[in-house]
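Colleague: I would like a close look at one part of this model, the charged side chains and what surrounds them. Please keep it plain, and take it step by step.

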Amino acid sequence: LCVFVGNRAAHARGQRYVERDLNRAFTEARGEAWRRGALGGEAEDREQREILDLLAERVPRDGSRAVLLDLHCTSGGGPPFCV
């Protein structure tokens, strides 16, 4: 079991995000930019790079499958949810 916490810089400021929403940043194009080492230098870029690096270290190499549970604790009035 491995747990990652996102939006740390924004959370410390009491905000949803600093420059842009990290929750919307995990796209195919940004994954490709990460593989090329071409993600930018904004707070969310640095944090996304850290998360992707940590995930890459934990990908099973023995052919087994990994399961990713995306758990959200929202800043809105609704309850936490997962994807």
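At 43% relative accessibility, what does R58 count as: buried, partly exposed or exposed?

Modeller: R58 counts as partly exposed, because its relative accessibility is 43%. Buried would need under 20%, and exposed would need over 50%. Keep in mind that this is a predicted model.

The chain has 3 helices and 2 strands. Read from the N terminus, their order is α-α-α-β-β. The mean pLDDT of the chain is 84, and 88% of the residues reach 70 or more. Helix α2, residues 28-36, has the highest mean pLDDT of the elements, at 94. Strand β2, residues 81-82, has the lowest, at 63. Where pLDDT is low, the predicted coordinates should not be read in detail.

Now the charges. Side chains of opposite charge can pair when their charged atoms come close. A search of the whole structure finds 9 salt bridges. R58 takes part in one of them, with E57 as its partner. The closest N and O atoms of this pair are 3.3 Å apart. E57 has a relative accessible area of 57%, so E57 is exposed.

Next, go to helix α2. Here E32 forms a salt bridge with R35, and their closest N and O atoms are 3.3 Å apart. Why are they about one helical turn apart? Because they sit 3 residues apart in helix α2. E32 has 35% relative accessibility, so E32 counts as partly exposed.

R20 and D45 meet in a salt bridge, with N to O at 2.1 Å. R20 lies in the loop between α1 and α2, while D45 lies in helix α3, residues 43-58. They are 25 residues apart. Their surroundings can be read from the accessibility values. R20 has 26% relative accessibility and therefore counts as partly exposed. D45 has 4%, so D45 counts as buried.

This pair is part of a network of salt bridges that links R20, R30, E42 and D45. R30 is placed in helix α2. Its side chain makes a polar contact with the side chain of D45, at 2.5 Å. What else does R30 touch, leaving aside neighbours within four places in sequence? R30 is in contact with R20, A25, L39, D45 and Q48.

D21 counts as buried, because its relative accessibility is 13%. The side chain of D21 reaches the backbone nitrogen of N23 at 2.9 Å. L22 has a relative accessible area of 3%, so L22 is buried.

L22 brings us back to D45. They are 23 residues apart along the chain, and their C-alpha atoms are separated by 8.2 Å. Not counting residues up to four places away, L22 touches G6, N7, E44, E47, Q48 and I51. Q48 is also on the contact list of R30.

N7 deserves a stop. N7 is found in the segment before α1. Most residues other than glycine have a negative phi. N7 is not a glycine, but its phi is positive, about 60°. N7 counts as buried, because its relative accessibility is 16%.

The segment before α1 also holds L1. L1, V3 and V5 make a nonpolar surface patch of about 430 Å².

Finally, step back to the whole chain. Buried residues make up 22% of the 83 residues, and D45 counts as buried because its accessibility is 4%. Look at the contacts with a separation of 6 or more: residues 24 or more positions apart account for 36% of them. The chain exposes about 6400 Å², and carbon and sulfur atoms supply 55% of that area.

Key: Residues are numbered from 1 along each chain as its sequence is written. This is a predicted model: local features need pLDDT of at least 70, side-chain atom pairs count only at pLDDT 80 or more; totals for chains, interfaces and linings use all residues. Side-chain values use heavy atoms; hydrogens and water are left out. pLDDT is the predictor's confidence in each residue, from 0 to 100. Helices (H or I, at least four residues) and strands (E, at least two) are DSSP runs, numbered from the N terminus. Patches are made of residues with over 30% relative accessible area and no salt bridge: like charges are joined within 9 Å, nonpolar side chains (Val, Leu, Ile, Met, Phe, Trp, Tyr) within 5 Å. Accessible areas come from the Shrake-Rupley method with a 1.4 Å probe; for residues, only the protein chains shown count as cover. A salt bridge is a side-chain nitrogen of Lys or Arg within 4 Å of a carboxyl oxygen of Asp or Glu. Buried means under 20% relative accessible area, exposed over 50%, partly exposed in between (1.4 Å probe, protein chains only). Contact means heavy atoms within 4.5 Å. A polar contact is a pair of N or O atoms within 3.5 Å; within protein, one must be able to donate a hydrogen and the other to accept it, and residues adjacent in sequence count only if both atoms are side-chain atoms.
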